[in-house]
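Dear colleague,

Please find below the structure that I am handing over to you.

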Amino acid sequence: MGNTKHDGPIKLAKKPDPDLWVSKVPFGLGKIKPHHIRDTMKVAWENKDNLPYATRILTQGVCDGCALGVSGLKDQTLTGPHLCTTRLNVLRLNTMPAIKEELLHADIDDLRKMSSTELRKLGRIPYPIIRKPGDRKFSRISWDDALDKIADKIKSLDPKQYAFYSTSRGITNEAYYTVGKVARFLGTNNIDNASRICHSPSKTALNRSVGIGASSCNYKDWIGTDVLVFWGSVAANNQPVSTKYMYAAKRKGTKIIIINPYHEPAMDNYWIPSIAESALFGTKIADDVYQVNIGGDIAFMHGIMKHWFEMEEIEHGSAIDHKFVAEHVNGLEELKEKATSYEWEQLVKSSGISKEQMIQLAELLAKSKSAVFVWSMGLTQHRFGTDNISQVANLALLRGFIGRENCGLMPIRGHSGVQGSGEMGADPFVLPGGGMDDSNRYRVEKIWGFDIPEWQGDIVGVSLENALLPEDHERKLNLYYMSGGNFLETMPDPEFVKDALENVDIRVHQDIIFNTSTFLDARDAVIVLPAMTRYEQPGGGTSTSTERMVYFSPEIKGPRIEEARAEWEIYVDLAKRVKPEEQHLIDFKDPYEIRNEIAKTAPNYDGIQHLKNKGDLFQWGGAWLCEGGLCPTPDGKGNLISVELPELRKPEGHFYVTTRRGKQFNSMIYGEKDPFNDADRYDVLMNPADGEKHDISEGDAIVVFNQHGTFNGRAKFVPLKEGNIEVHWPEGNSLIPKGVYEKYAGIPEYNTAVIVEKAETYYAHKDTKYVEKRVEELEMEVN
């Protein structure tokens with residue numbers, strides 16, 4: 001895809017730059033901010049029983065936190081050590097001893113009283129356990145008996161009636177590849193992974209726009225680009241090491257633009273602990289912040305393009321790179337017709353951004369010679385997520401911001417394992433090396449030596465819905481095999497999720513720790529299998545970063561959970577029990593064999609077979625995908641995709657709500673207070689003007705409700721776009737409708753219309769038809 005190779009890390013400027021300082025008061029004393037030193041000491045104390053092992057994990061292993069790709073304490077972007085609180089918080093999962101037997105086999109109701117945070121602290125799952133209907137506690141079971149029971153159930157079912165799911169919990173490429181292959185070996189395409197609920201629209205949109213399914217550029221391209229745009233991404237909170245890259249970019253003169261409904265304090269000012277100057281005086285990150293309505297991004301981007309086409313009417317070439325477009329892009333006239341068809345009033349109302357602000361950003365981008373667009377769930381978790389990302393790609397293609405240094409499209413990944421999941425084929429729509437089209441399927445079948453089912457597999461949300469189908473339905477889900485994951489805390493409508501999970505005959509939880517979903521009932525049995533972490537797996541494992549770096553993480557000497565097994569090894573053992581007569585087709589002996597096969601099956605990963613020592617890595621696709629403007633599409637060109645303005649109707653005085661992250665890593669919560677704004681987990685973030693309009697004061701008990709659910713919290717006033725509110729995820733998931741999926745990528749919708757009222761008003765009318773009437777009005781208006 002590109003010939004240029006990544007040329008390794010660069011040095012930070014050493015001379016201080018007081019113009020970037022937040023305050024001359026050292027260490028941000030008196031300000032609401034993370035306390036990195038205190039948090040580091042806390043982590044050290046938590047790991048005191050295994051401190052030498054913890055140190056080896058940090059210095060020898062590849063980070064199992066976000067997907068920046070830190071190997072040991074180094075990365076490929078900047079020289080010097082890199083360590084963040086996200087990685088430190090995850091560390092204890094790898095060093096914990098086994099759960100004490102009296103807790104492991106405690107009464108199920110006592111375990112159900114515990115939160116996932118409390119359960120996480122109990123320790124590691126030590127051996128296979130099982131619980132059947134009526135059992136008050138889990139019982140120990142042998143590996144043979146556990147896997148035989150699962151295998152016997154699979155043999156009794158139609159392949160459309162069981163499904164596999166793999167989370168991003170430190171899982172390696174080898175595990176993803178094996179579970180994807182095992183699912184097809186067992187005859188099912190019902191295999192999905194955690195990227196379904198985070199970045200699936202990114203992959204779908206980038207494929208249709210430019211023919212790629214990953215970031216086109218590197219983190220190094222942030223440093224020295226004219227403009228770095230974060231669209232719906234709070235990288236400082238979710239990928240803290242990235243603040244070093246932002247600092248380096250600022251030192252090179254890069255202008256950083258934030259587009260988000262909430263003026264996120266983490267993306268405004270940050271104290272970077274590993275840079276002395278920033279640790280002392282902080283760093284101003286954002287140059288400009290555009291507060292867009294929830295779901296208003298498409299309108300905002302239409303506004304930018306509308307102004308570009310108006311600029312072109314006055315002076316040809318003032319906004320669009322015509323040479324690049326003529327040589328490398330399709331669909332200019334169609335996009336021009338769409339973008340100019342909307343009136344400014346429509347775009348302002350939908351986006352929440354004034355015409356003047358849209359013109360301001362449009363002209364900044366038009367005058368820039370380079371730009372990198374970074375986005376995350378603020379753009380993807382919508383029922384029109386793919387269109388959101390295609391709009392971003394439209395901006396890049398019109399300006400030629402792709403395929404060269406300091407330019408590109410980057411869906412920044414929130415977990416170290418998730419980029420590789422789809423590329424390894426753990427996805428109902430893809431196989432290693434490509435999609436489920438006939439040509440790729442035939443190619444993979446020849447390598448694997450068995451037929452791959454042709455029918456379309458189900459995404460995770462549909463699999464859950466299928467658990468509630470009639471017994472005689474061909475897709476009634478009767479066995480769900482989950483590697484990690486807690487759908488109770490990640491999917492919309494937790495009550496529905498509970499009903500679905502409890503209506504499965506056998507539910508398998510392959511994991512390292514308990515979570516709240518482990519204790520739900522099943523009709524026949526709940527089986528829990530203990531997995532190894534990535535640092536325990538013999539032969540090591542690999543993971544793929546946001547920038548397509550494939551890193552080798554070695555096995556690290558240390559204590560072991562005696563009966564825990566490598567994730568890939570468990571899948572292989574199960575498959576051999578289901579089809580013993582064909583076990584030679586699936587019988588991997590070690591991860592080296594898996595990597596050798598990956599190199600053949602997924603051509604981009606040719607090179608993974610050579611990774612075997614600490615520090616080994618390679619980047620698939622070269623430094624830039626679409627280098628020189630050449631896209632891996634059928635005609636070699638990028639496609640401008642014309643998208644409609646989404647309808648975002650809500651009654652006057654009502655709100656759009658979205659979810660946000662606090663002191664947490666994905667669904668794992670590490671603190672009740674957000675270190676950037678001091679918000680509690682049950683605070684409802686809203687604009688002070690909205691509070692005044694609805695007679696709500698800061699700290700008031702309020703109820704957020706709609707036809708889907710109710711959320712009780714307290715008002716917290718923050719600089720959030722008027723007419724929008726934010727609640728923490730997963731606490732606010734009860735408000736999100738189930739079964740609403742993006743039509744191209746299948747991501748659930750995580751935004752909806754709600755009513756906000758003071759608790760005293762809501763409960764005073766609870767026994768009347770008042771609340772029901774308000775919900776009915778809301779439903780009529782929105783639908």
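A residue is called buried here when its relative accessible area is under 20%. Please note that the model is a predicted one.

I begin with helix H11, which spans residues 242-251 and is mostly covered, with nine of its ten residues buried. Those buried residues are Ser 242, Thr 243, Lys 244, Tyr 245, Met 246, Tyr 247, Ala 248, Ala 249 and Lys 250.

On the scale of the whole chain, the domain assignment gives domain 1 (114-197 + 417-622), domain 2 (200-412) and domain 3 (655-758). Between domain 1 and domain 3, the C-alpha centres are 32 Å apart. Domain 1 contributes 17 residues to the contact and domain 3 contributes 20 residues.

The size of an interface is often expressed as the accessible area lost when the parts come together. For domain 1 and domain 3, about 1,500 Å² is buried between them, and 57% of it lies on carbon and sulfur atoms. On the side of domain 1, the residues that lose the most area to domain 3 are Arg 120, Glu 489 and Pro 492, which together account for 34% of what that side buries.

Seven residue pairs are in polar contact between domain 1 and domain 3, both residues being at pLDDT 80 or more, whereas the count of salt bridges between these domains is zero. Helix H6 (116-120), helix H22 (460-466) and helix H23 (494-502) are the elements that each give two or more residues to the side of domain 1 that touches domain 3. Of these, H22 gives the most, with three residues. By class, that side of domain 1 has eight nonpolar, four polar and five charged residues.

Finally, I draw your attention to Tyr 53, which is found in helix H2 (residues 51-60). Is Tyr 53 buried or exposed? Tyr 53 counts as buried because its relative accessibility is 2%. Among the residues that Tyr 53 touches are Asn 94, Thr 95, Tyr 535 and Lys 557. Tyr 53 and Lys 557 are 504 residues apart in sequence, yet 7.3 Å apart in space, C-alpha to C-alpha.

With kind regards

Conventions. Residues numbered from 1 in each chain as written. Predicted model: local features only at pLDDT ≥ 70, side-chain atom pairs only at ≥ 80, totals over all residues. Heavy atoms only, no water. Domains from an automatic or database assignment. Contact = heavy atoms within 4.5 Å. Buried area = accessible area lost by both parts, 1.4 Å probe. Salt bridge = Lys/Arg side-chain N within 4 Å of Asp/Glu carboxyl O. Polar contact = N/O pair within 3.5 Å; in protein donor to acceptor, adjacent residues only side chain to side chain. Helix = DSSP H or I, 4+ residues; strand = E, 2+ residues; numbered from the N terminus. Nonpolar A, V, L, I, M, F, W, Y, C, P; charged D, E, K, R; others polar. Buried < 20%, exposed > 50% of the residue type's maximum accessible area, 1.4 Å probe, protein only. Lists of a residue's contacts leave out its neighbours within four places in sequence.
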